[in-house]
Amino acid sequence: MNSPPAEIVVIGGTSGLGRELAQYLVRRGEAVVVTGRDSSRAKAVAAELGGQTRGLAVDLAHPQEIAGALADVAAVKHLVLAAIERDANSVRDYDVERAVRLVTLKLVGYTEVVHVLVPRFAPEASVLVFGGLAKDVPYPGSTTVTTVNAGVTGIVRTLAVELAPVRVNGLHPGIVGESPAWEGRAPDVLEATRKRTPTGRLATMADVVHAATFLLDNRSVNGVDLIVDGGRLFG
């Protein structure tokens, strides 16, 4: 009896950039697991993506439950950690509950997923961890977001050492104008950002997917934090 194919697990693959990446991977013939907090939504998205796609419910804010949620994932070709929640939280008006949830989700939850799945990694598996440009460019209300995205760099560095020869890389998109995360934002804010960007354009979903697949596939890229923002930090 043939063993099932090793799957690419996309944590946070039911929406946004995670879903866009999962869709690309399915189209190139990969077996993909997409996860979200809600089981019915995860299964519905998997059905929409088609191919060899499965949907599982995983809530990173409850790390003690992650092992059970991922119990039937047998072999992992690559692991993508793309789940995120938006949190407008400042020091002067600090919401401890929201902060603890986001820190748990992004740092403890991400690490627990790796802990659970690493025994099932294929020989050439890699890990891709999504952060964001808020780690370098804070904005009002980004106290927790900036902290956890900076923490992604720490995760990448320590896991690249601890999991060697498994490769571990980080991806930090800038403003992706067509992303659902930026829907409804003031057009003048996006335009001002575009004008400060040396390429003269905002990053697209396709740009981020291209960067993600490069980091997953290139066997000599390891321990890298890749920024995808058109060079805005240097403009």
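**Entry 1: the sheet**

I started at Val80, which stands opposite Leu128 in E5. Strands here (E, at least two residues) and helices (H or I, at least four) are DSSP runs numbered from the N terminus. A note on the source: this is a predicted model, where local features need pLDDT of at least 70 and side-chain atom pairs count only at pLDDT 80 or more, while totals for chains, interfaces and linings use all residues. Residues are numbered from 1 along each chain as its sequence is written, and side-chain values use heavy atoms, with hydrogens and water left out.

E4 (residues 76-81) and E5 run parallel and are joined by 5 bridges; two strands count as paired if DSSP finds at least two bridges between them. On to E1, which also pairs with E4 in the parallel sense, over 5 bridges. There I noted Glu7 opposite Val76 in E4.

What is the strand order of the open sheet? I read it as E3-E2-E1-E4-E5-E6-E7, 7 strands with parallel pairing. The edges are E3 (53-57) and E7 (225-228), each pairing on one side only. From one strand to the next the twist averages 20 degrees.

At the E3 end, E2 (residues 32-36) pairs with E3 in the parallel sense over 5 bridges, and Gly36 has Ala57 in E3 as its bridge partner. Helix H2 (residues 39-49) packs on the sheet there, touching E2 and E3, and its direction makes about 170 degrees with that of E3. Angles run from 0 to 180 degrees between N-to-C directions, with axes fitted to C-alpha atoms, for helices over the stretch in contact.

**Entry 2: burial**

5 of the 6 residues of E4 are buried, so E4 is largely enclosed by the rest of the structure. E5 (residues 121-130) is mostly covered too, with 7 of its 10 residues buried. Buried means under 20% relative accessible area, exposed means over 50%, and partly exposed is in between (1.4 Å probe, protein chains only).

**Entry 3: H4 and its neighbours**

H4 lies across E1 (7-11), E4 and E5, running at about 175 degrees to E4. How does H4 pack with H5? H4 (residues 96-117) and H5 (residues 143-162) have axes 10 Å apart, at an angle of about 15 degrees.

Next I listed the contacts, meaning heavy atoms within 4.5 Å. On the H4 side they include Leu102, Lys106 and Tyr110, and on the H5 side Val148, Asn149 and Ile155. By class I get 11 nonpolar, 4 polar and 1 charged residues.

**Entry 4: Arg98**

Leaving out residues up to four places away in sequence, Arg98 touches Asp87, Ala88 and Asn89. I also looked up Val127: Arg98 and Val127 are 29 residues apart in sequence and 27 Å apart in space, C-alpha to C-alpha.

Notes. Nonpolar A, V, L, I, M, F, W, Y, C, P; charged D, E, K, R; others polar.
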